[in-house]
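Please keep the sequence and the model in view while reading.

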Amino acid sequence: MNQQKNQQKNQQKNQQKNQQKNQQKNQQKNQQKNQQKNQQKNQQKNQQKNQQKNQQKNHQNTVKQAFFNTLPVMAGYVVLGMGFGILMRNAGYGVLWAFSMSLFIYAGSMQYVGVSLLSGGASVITTAVTTFMVNARHLFYSISMVDRYKDAGKGKPYMIFGLTDETYSLLCDGKTPEGSDPNLYRLLVTAFNQSYWVSGSVLGSLLGTVLPFSTEGIEFSMTALFIASFTGQWLTSDDHIPALTGLLSTLVCLVIFGPGRFLIPAMLLITLILTLLRGRKEAV
Amino acid sequence: MREAVLVAVMAVVTILLRFLPFLAIRKETPPYIAYLGRVLPPAIIGMLVIYCLKDVNPAAAPFGLPELISTVCVIALQVWRRNSLVSILGGTIIYMVLVQRVF
């Protein structure tokens, strides 16, 4: 009898012990699982936060880069835009005209020509043909940007609209600053440049000729912009044949056709020569 | 009213010229266009340099000297510092001093 009792007691004890052990094990397991889950959740949250922070930093960086790189254009555009505004004012067209032309046409040399078209009473056909001749070079700008703007995002139509000489010269090499969002950078460069041009035209129209200091010669900033980008391009590329083709063809056409209408022949000659040279080995 | 129409014509023609290549080339970029995209930019920048200097007359005083000196300065600064903003500002200031004070 005693033996039986003892056995029962032992069994009970063992059962209790095992139950306790199992409970403890399960508790520990569950605790560990929960801890891991929470850790993972927190990590994910932190990662998301960091990504957002980085994106913000990226955007700020992109805005900064776009602003600094367009500063030379600001100098040139404000001055040239003011020149346009003053011309318009002198021709009898107020600030609203200057503003809307800079907003909707946004083509520097064409707007200067446009002043004389407006005040000279040109016909619609003359205006259309003249615009085509003066701005035909933009066809070539766009042709060379088709590939680069392929995935340009939502801002693409505006980026195409705003592809002026200066914007083109800043973006045509396809390079964007490190650590910046390429499409945002291109969009901002385009928009900053137009804002300078529009502000200049409005300022010129409003302030007219009352300026406290001589700005004579400041228009050279445009020339300097193109020379700097030509030199920069020359330094970073081993293939100088396209650059030389552009320089020499234009010089030849300037001598033959004169300063008034050498641009279109120059573009055709450049395209012809580069097309004929297509078979050659391109140095990279 | 006539003037508003003329402004609209200028705007539409300019916009068409800028958009046409993008509208014409929708799908795959033809290899010839891709080639032009590579070689045209440096050539066009070269053309724009000449275009900006087109009214310089080397036969009459000051014989294009302000432009020549400033151009050399821009190139030298660009080779030295490789910073466009520095080259452009430097060249422009030198040019302004030259045309206002020297020549």
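The largest nonpolar core has 88 residues, and Phe226(A) and Val49(B) are those with the most contacts inside it. Such a core is a set of buried Ala, Val, Leu, Ile, Met, Phe, Trp, Tyr and Cys residues joined through C-beta atoms within 7 Å, where a residue is buried if 20 or more other C-beta atoms lie within 10 Å of its own, exposed if 12 or fewer, and partly exposed in between, the C-beta atoms being placed from the backbone. This is a predicted model, in which local features need pLDDT of at least 70 and side-chain atom pairs count only at pLDDT 80 or more, while totals for chains, interfaces and linings use all residues. Residues are numbered from 1 along each chain as its sequence is written, and chains are lettered from A and ligands numbered from 1 in the order in which they are written.

Leaving aside residues up to four places away in sequence, Val49(B) touches Phe226(A), Ile227(A), Phe230(A) and Leu247(A); two residues are in contact if their C-beta atoms, placed from the backbone, lie within 7 Å. The contact between the chains takes 70 residues from chain A and 56 residues from chain B. On the side of chain B that touches chain A, helix H2(B) gives the largest share, 19 residues, helices being DSSP runs (H or I, at least four residues) numbered from the N terminus. That side of chain B divides into 40 nonpolar, twelve polar and four charged residues, with Ala, Val, Leu, Ile, Met, Phe, Trp, Tyr, Cys and Pro counted as nonpolar, Asp, Glu, Lys and Arg as charged, and the others, Gly among them, as polar.

One pairing across the chains can be followed in detail. Helix H11 of chain A (residues 263-276) packs with H2(B) at an angle of about 145 degrees, their axes 11 Å apart, the axes being lines fitted to C-alpha atoms over the stretch in contact and the angles running from 0 to 180 degrees between N-to-C directions. Here Leu263(A), Ala266(A), Ile270(A) and Leu274(A) of H11(A) meet Leu36(B), Val39(B), Ala43(B), Met47(B) and Tyr51(B) of H2(B), and by class this contact has nine nonpolar, no polar and no charged residues.

Elsewhere in chain A, Gly92(A) lies in the loop between helix H1 (2-90) and helix H2 (95-104). Gly92(A) is exposed because 9 other C-beta atoms lie within 10 Å. From C-alpha to C-alpha, Gly92(A) and Ser119(A) are 8.2 Å apart in space, although 27 residues apart in sequence.

Note on methods: Helices (H or I, at least four residues) and strands (E, at least two) are DSSP runs, numbered from the N terminus.
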